[in-house]
Amino acid sequence: MTATAEASAPALHNALELVLADVTDRTPSIRSFTFRDPAGNELPPYVPGSHIIVHSGDKANAYSLTGSGVLTAEYTISVLRVDNGGGGSAALHQLAPGARLSVSRPRSAFAPVATARHHLLIAAGIGITPMLSHMRAATEWGHSASLLYAYRQGEGAHLDDVRELCGERLLECTDRSSFLAALGVRLGEQPLGTHLYVCGPQGFMDTVLSAAAVAGWPPSRLHSEPFGTADLDPGQPFSVTLGRSGAVVDVPSGTSLLKALEDSGHKVPFMCRQGVCGECILPVLRGTPEHRDLYLSEAEKTANNSIMCCVSRSRDAGLEIDL
Amino acid sequence: MLSTQESTLTPSARRFPFPFREDSYRYSTNVEPAPQFVPTDAGGWGDRLIEIDPHYGSELEERAAILDRDPSRIAMLPHMGPAVWDTITTLLPVLATDYPDVMCFTREGRRCHWRNDLLGLDIDFVIGDASTLPMEPLRFIGSQIQDDIALLDQREDALWLDAGVITFAADWSLGFDVGMRFLEVHGPVPRVHEEQIITRAQQFLMRLQPGEKFRRTNWTMTVDRRLDTSTETYPEWGPDRLEVVDDPDLAKRLHLRVEVQHLIRLPHSGAILFLVRTHMISLAEISAVPAWRQRLGRVLAELPEDMADYKGISRYRHAAAQWLLGG
Ligand code: HEM
Ligand code: FES
C-alpha cells in the first residue's frame with residue numbers, strides 16, 4: 001500500500017542511507033525493492049504493518065514493509081507504478097540495484113493487537129503488502145491468523161509468498177461478487193476476540209468496514225491502514241519577530257521554532273522537545289500560533305498568548321514573541 | 001559561593017541523579033530524550049541507558065531472593081511474550097555496547113549468544129524459545145539489570161500495564177496494578193489528574209515511535225537504604241518512618257530516593273518498556289554537596305502537604321529539612 005507523504009519532500013528526520021540490493025517484478029505493474037545497509041549491518045527491527053518513507057528525486061512516499069520485522073537484514077517494499085502519481089513511484093521503478101536512497105526509520109501505524117485471539121486480514125491489490133508482514137509475524141510467533149485476498153486475475157502480487165505462508169488459512173477472490181460472498185461468511189463466523197485488519201483502495205476499505213459494522217463488529221476491533229498520521233508534518237516556513245530586540249528569525253519547513261531560536265543564539269529552556277513538558281513556553285505578543293503541542297489547554301490555545309516553541313508554528317506572517 | 005569538598009564525596013554521589021531544578025517541586029510531564037549526560041554539582045549522570053554501579057551484584061541477589069519469596073512481584077499476561085523477547089533483544093546489545101569489557105552480545109538470526117562476566121554467565125539462546133534460557137524470559141532480563149521492568153501494551157487507544165518484574169517499588173504493588181490502564185495505575189496520585197499531567201503523558205507515550213527513548217525522574221524518601229518498599233512489605237518498613245524522627249542518626253538513616261525512569265518504544269512488539277532504576281543517597285552524603293543540601297532542604301520545607309502525604313514522608317520531612325538547612 002502506498003500513500004503520498006509530501007508533494008515536495010522535506011529532509012527526513014534521522015534517515016537511513018541504504019543501498020538498493022535487489023529488484024523483482026511481481027506483476028506487470030508491481031515491483032519489489034530490497035534495501036540493505038551499505039556496510040552490511042542489521043537494520044532496525046519493526047512492528048508488523050510498519051511503513052518506511054522512501055525518497056526518490058524530490059518526492060517521498062510511504063510504503064509498507066513486507067517482512068515480519070524480527071530479522072531485519074533487509075527491508076523489502078512492493079510498489080505499484082502510478083505513472084501520473086505525485087509520490088514518485090514511476091521514478092522508483094527506474095532505479096537499478098546499487099542505487100543509494102534515503103529511507104526513514106520504520107513507523108508503526110497499523111500494528112497487530114497483541115490480545116487478539118485471531119487476526120482476520122483482508123487485502124485488495126497492492127494492499128497485500130502490510131498483510132504479508134502481519135501474516136509472517138503471526139506465523140513466527142504462532143498466533144492465529146487468516147487472510148482474505150482480493151486481486152484481479154493476473155495481477156495478484158506476492159501470490160506465491162502468501163500461498164506458501166498461509167496454506168489453508170488463505171482465501172483468494174478474483175472478482176467482486178465472490179469477494180463479497182466470502183466476506184459475508186468470514187464476518188459471520190469469526191469467534192469472539194477476533195480483530196479485523198483491512199488494506200486496499202479506499203472504496204474497498206469502506207466496503208469492508210461498513211459490512212463489518214452491519215455484522216455487529218465493534219469499532220475497537222476494526223483496523224484499517226492510515227498513512228501519515230504518526231508523523232508531525234514539517235509545517236510551512238515562517239518568520240518570527242523577537243519583541244525585545246526587533247530581530248527577525250526565519251524558521252524553515254522541517255525546523256522547529258525552538259531550533260531556529262537556538263541556532264540564532266537565543267537560549268530557551270527546554271526538556272522534551274515534544275510539546276508535553278511545558279518548559280519551552282514563550283509569551284506571544286502578536287500573531288496567531290499554530291498550536292501543535294499537548295501542553296496548553298484548549299482555553300490557553302484559543303487565547304493565543306503563549307506558544308510551545310518546540311513543536312508549534314505560526315499561522316500567519318505576523319508572529320511576535322516576547323524574547 | 002557554595003563549594004563542594006571533593007574529598008568527602010562518595011562515588012555514588014558523583015553519579016547521583018539529583019532531580020531538582022529549582023528550590024520547589026511540583027509534578028509535571030518531565031520527560032527528556034535519553035540517554036544524555038547531565039552535569040551536577042557533584043559530577044553528573046545519564047550518559048547511559050542502563051547504569052551498572054557497585055551495588056550490581058547485591059541488588060540482583062536481593063531481587064532473586066524477593067522473587068523466590070513472593071512470586072507476585074513478577075507478572076505477565078499471556079499476550080506479552082513477544083514484548084518480553086523484544087526487551088531482551090533491545091537491552092542486551094545496549095549493555096554489550098556500554099560495558100564491552102565485561103559483556104558481549106552477538107546474534108545470528110534467532111540465535112543469540114550472551115556473556116556477562118559480572119555474573120559469570122555465558123549462554124546461547126534462541127529468540128522465542130523460553131526453554132533455551134536459564135529461567136523464564138522476563139525473570140531472566142530482570143536478572144541482568146538493576147532496573148525494575150514494566151511493559152505496557154497499546155490498544156483501544158490506551159496503554160495497559162500487562163507485564164513486569166517489580167521488586168523495588170516505592171510503595172505500590174505490581175500484583176494489584178497488572179492489567180490496569182495507565183490512567184488507572186496513576187489513580188492514587190494527587191494533583192496529576194486535575195493538571196492533565198497523566199493524560200498528556202499517555203498521549204505522548206502513545207505517539208512514541210519504535211526505538212525512541214525518553215526518561216524522567218521521580219523521587220521520594222526512604223529510611224535505611226531499603227530497596228523493597230512495596231505495599232506488600234509495608235509492615236516491615238512502615239513503622240520506621242515514625243521512629244526515625246527522634247533518632248540521633250537521622251541524617252545517616254534517611255535517604256533521598258530517586259528513580260530514573262526510562263520510556264522506550266520497543267521496535268518489534270510496539271510495547272512501551274518502562275524501566276525504573278532506584279538510586280539512594282543519605283542526607284549525610286548529600287551534605288557533602290552544599291548546593292544539594294540547601295536545595296533539598298528548601299524543597300522539603302516547601303512541599304505541599306498533599307504531596308508529602310502521598311509520598312509518605314510527612315512525618316519526618318520537616319525534621320529532615322531542619323537538619324539540612326540548619327548547619
Ligand atoms: C511520562 C510518563 C509518566 C509520568 C509523567 C508519570 C507521573 C507520575 C507521578 C507524578 C507519580 C507520583 C509520584 C510520587 O509523588 O512519588 C507517579 C506514580 C506512579 N507511576 Fe507514573 N508516570 C509516568 C509513567 C509511568 C509508567 C509508564 C508507569 C508504568 C506502569 C508508571 C507507574 C506509576 C506507578 C505504579 C505509580 C505509583 C502509583 C501508586 O501510588 O499506586 N508511571 N507517576
Ligand atoms: S520542550 Fe517540552 S514542551 Fe517544548
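Reader: How much space lies in the largest cavity?
Author: This is a predicted model: local features need pLDDT of at least 70, side-chain atom pairs count only at pLDDT 80 or more, totals for chains, interfaces and linings use all residues, and side-chain values use heavy atoms without hydrogens or water. Residues are numbered from 1 along each chain as its sequence is written; chains are lettered from A and ligands numbered from 1 in written order. A cavity is a set of points, on a 1 Å grid over the protein atoms alone, where a 1.4 Å probe fits but cannot get out; points join across faces, edges and corners, and probe spheres set on them fill the volume. For the largest cavity, that volume is about 120 Å³.

Reader: Which elements give two or more residues to its lining?
Author: Lining residues have an atom within 4 Å of a cavity point. There are 14 of them, and the closest to the centre are Trp45(B), Arg48(B), Glu51(B), Val260(B) and His279(B). Strands are DSSP runs of E, at least two residues, and helices are runs of H or I, at least four, both numbered from the N terminus. Two or more lining residues come from chain B's strand 11 (254–265) and strand 12 (272–282).

Reader: Which peptide bond is cis?
Author: Most peptide bonds are trans. Here one has omega near -10 degrees. Its proline sits in the loop between strand 1 (32–33) and strand 2 (38–39) of chain B. The cis bond runs from Ala34(B) to Pro35(B).

Reader: Is Asp157(B) buried or exposed?
Author: The residue lies in the loop between strand 8 (148–155) and strand 9 (158–165) of chain B. Buried means under 20% relative accessible area, exposed over 50%, and partly exposed in between (1.4 Å probe, protein chains only). At 65%, Asp157(B) is exposed.

Reader: What is the phi of Arg225(B)?
Author: Most residues other than glycine have a negative phi. Arg225(B) sits in the loop between strand 10 (213–223) and helix 8 (234–237) of chain B. With 27% relative accessibility, Arg225(B) is partly exposed. Its phi is positive, about 45 degrees.

Reader: What share of chain A is buried?
Author: Chain A has seven helices and 19 strands. Its C-alpha atoms fill a box of roughly 70 × 50 × 35 Å along the principal axes. Of its 323 residues, the buried share is 48%.

How values were computed:
On a 1 Å grid over the protein atoms alone, a cavity is a set of points where a 1.4 Å probe fits but cannot get out, and a pocket is an open set with protein on both sides within 12 Å along at least five of seven lines; lining residues have an atom within 4 Å of a point.
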